[in-house]
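Here are my notes on this one, for when you have the model open. I've kept to a pocket and a sheet.

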Amino acid sequence: MKGLERSFYSKSSMYSFIVVLTLFFSMWIATGRFTHVDYMLFGYIVASFIFFIGMTVRLTSWAMRPATHEVIRRSLQNMKTRKRQKRNGKAILKTLVDNIILQKYIFKRGIYRGIQHWLIAWGCIGSFAITFGLTFGWMHFKLVDATTYQLVLMGVPTIKMHPEGLFALLMFEGLNITASMLLIGVIMALARRIKNHDLQVTQRAEFDLLPLYLLLAMTVTGLMLTVSYKLLGGWMHPQLQLLHQVTTVLFLVYFPFGKLFHLPIRPMAAAVPMNYQEKQGVDSKSCLGCGELYSNDDQIADVQAILGKQAFDFQTSDGHQLSDYCTACRRKIRVMSQLNMKSPFGNSIAPIQTNNGIHLPGFGRKRSDEFYEQALKEEK
Amino acid sequence: MKKVMYLEFERCIGCRSCQAACRECGGHDSKERNYVEYVNFFENRQTYPMLCMQCKDPACARVCPANAIQITDDGVVLSAMEEKCIGCRNCTFGCPFGIPKFDFEENKMYKCDMCYDRTKHDIAPMCASVCPSDAIRFIDHDEMMELRRRRTQMNLIEGKKPSENDKWQYVPEFFGVYSD
């Protein structure tokens with residue numbers, strides 16, 4: 001691996017190369033050695049490659065961050081431990097169902113937001129699945145006889161279906177369904193951004209609004225295509241097709257570099273119940289200062305390792321790290337050191353001296369006027 | 001941003017106006033992001049206000065595995081981006097000052113962002129604009145330096161000369177007492 005890595009400019013270029021090769025190989029298999037590539041989708045193919053390269057570059061640099069690397073390392077280590085298998089499975093399943101499929105935590109931030117996000121998220125993921133499936137030729141349909149279609153997955157003929165059956169309808173109208181979900185979700189999101197003044201203060205046009213506009217343009221042009229061939233007898237279909245292709249290409253190229261990049265990051269949420277908190281809000285490690293439970297050993301070890309890797313020196317005078325104390329104690333440590341009350345925190349038996357003779361608090365305690373007069377005289 | 005936040009812990013009278021003001025802020029969901037706590041309750045009733053230091057190289061952002069904590073052009077360290085935060089609480093353990101708060105219900109971290117939508121226009125943040133005892137102030141950098149200098153002078157006047165190795169004991173970082 002090291003030798004292979006050395007022959008590339010960077011880690012991300014190596015992984016991008018591997019991803020591109022894999023995609024080409026899957027295309028080669030799925031399209032029968034490139035015999036039936038759909039050239040109508042050529043623009044989408046190029047954009048999909050750019051999308052995958054962009055994703056790989058972003059994910060590689062993300063995984064190389066010390067914090068991310070540490071969490072991934074701990075997760076892999078726990079996954080290999082036989083004793084923890086039950087906990088791992090539970091954690092992954094729970095994250096998958098609660099956080100990714102149902103997105104419960106967003107519904108807790110507001111039902112409107114929850115519905116909006118769920119529609120956009122699953123609209124996007126569904127559209128991606130169909131788009132990539134078609135552009136790379138991973139799936140296509142074959143006419144077996146006059147009333148039977150067959151779904152071909154990766155070059156392997158699978159399910160046969162009647163072209164007017166329910167399954168076929170779901171397959172053929174898939175993009176229309178996901179696009180409708182997206183359209184509703186995006187309109188809800190835009191309405192929220194227009195109505196909610198709190199959001200307007202902090203939102204950024206290129207980060208929060210651009211993806212919504214792109215999604216809107218893409219879904220509207222995509223749905224217009226259906227309207228065109230279903231209701232208008234193909235009116236303006238080639239032009240609309242080109243317009244849809246342009247908006248989709250823009251979206252695919254934008255995706256890895258904007259707000260929507262959070263999609264591949266989310267699955268890491270499984271690391272939280274898997275490595276750190278089996279039950280939310282239940283801690284097992286006690287603070288050195290006040291003895292209250294505030295975290296667990298593994299997480300503090302990870303945090304200290306990450307900080308150490310990045311040359312943060314948070315050692316207190318008693319040889320512990322600041323992260324061995326709970327947040328309230330850490331706030332106290334900061335105040336005490338600024339008030340010149342620094343003592344080995346946590347293991348001092350005597351009460352901490354607030355009056356250390358260096359400087360008395362000024363508030364509510366005025367000195368006699370002589371003191372200030374003398375001081376001013378000396379200054380002169 | 002030309003102004004700085006200036007905290008004088010001794011001036012705090014524990015009225016918690018700053019926390020009330022913070023709760024009022026739009027988008028804070030009626031949860032305060034600052035602290036008012038006792039220094040040592042068993043010895044005296046001195047309280048102190050606590051805000052985020054807005055570190056140049058924030059440990060919270062460095063320990064975030066999702067890269068969710070971003071810094072604005074002005075140098076304000078923001079709350080974790082809601083779409084990226086995976087809710088691991090690493091930031092609350094990494095922060096040397098114990099500032100970030102965590103919402104288990106909504107599964108996200110939130111912290112003081114110095115009201116960056118106000119301060120970038122040189123308007124005092126919510127907490128500083130309501131503090132009745134000037135424990136939290138939003139002042140010019142020059143004024144802050146003047147207050148610090150005066151504190152140093154008062155230390156010298158009292159005959160407390162710092163030696164080579166313990167200057168910091170006499171002039172804590174942006175911290176002043178005699179600031180009438």
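**Pocket and sheet notes**

1. H11(A) gives the largest share of the lining of the second largest pocket, eight residues. A pocket here is an open set of points on a 1 Å grid over the protein atoms alone, where a 1.4 Å probe fits, with protein on both sides within 12 Å along at least five of seven lines; lining residues have an atom within 4 Å of a point. Helices (H or I, at least four residues) and strands (E, at least two) are DSSP runs, numbered from the N terminus.

2. Before going on: this is a predicted model, with local features needing pLDDT of at least 70 and side-chain atom pairs pLDDT 80 or more, while totals for chains, interfaces and linings use all residues. Residues are numbered from 1 along each chain as written, chains are lettered from A and ligands numbered from 1 in written order, and side-chain values use heavy atoms, without hydrogens and water.

3. That pocket holds about 1,300 Å³ of space. Of its 44 lining residues, the closest to the centre are A:Leu41, A:Ile130, A:Leu134, A:Leu175 and A:His244. Elements giving two or more residues to the lining include helix H7 (111-135), strand E1 (139-145) and helix H12 (237-254) of chain A.

4. Then there's the sheet: open, three strands, order E1-E2-E3 (chain A), antiparallel pairing. Strands pair if DSSP finds at least two bridges between them. E1 and strand E3 (156-161) of chain A are the edges, each pairing on one side only.

5. E1(A) and strand E2 (residues 148-153) of chain A pair over six bridges. A:Lys142 has A:Gln150 in E2(A) as its bridge partner.

Notes: Points joined across faces, edges and corners; volume = space filled by probe spheres on them.
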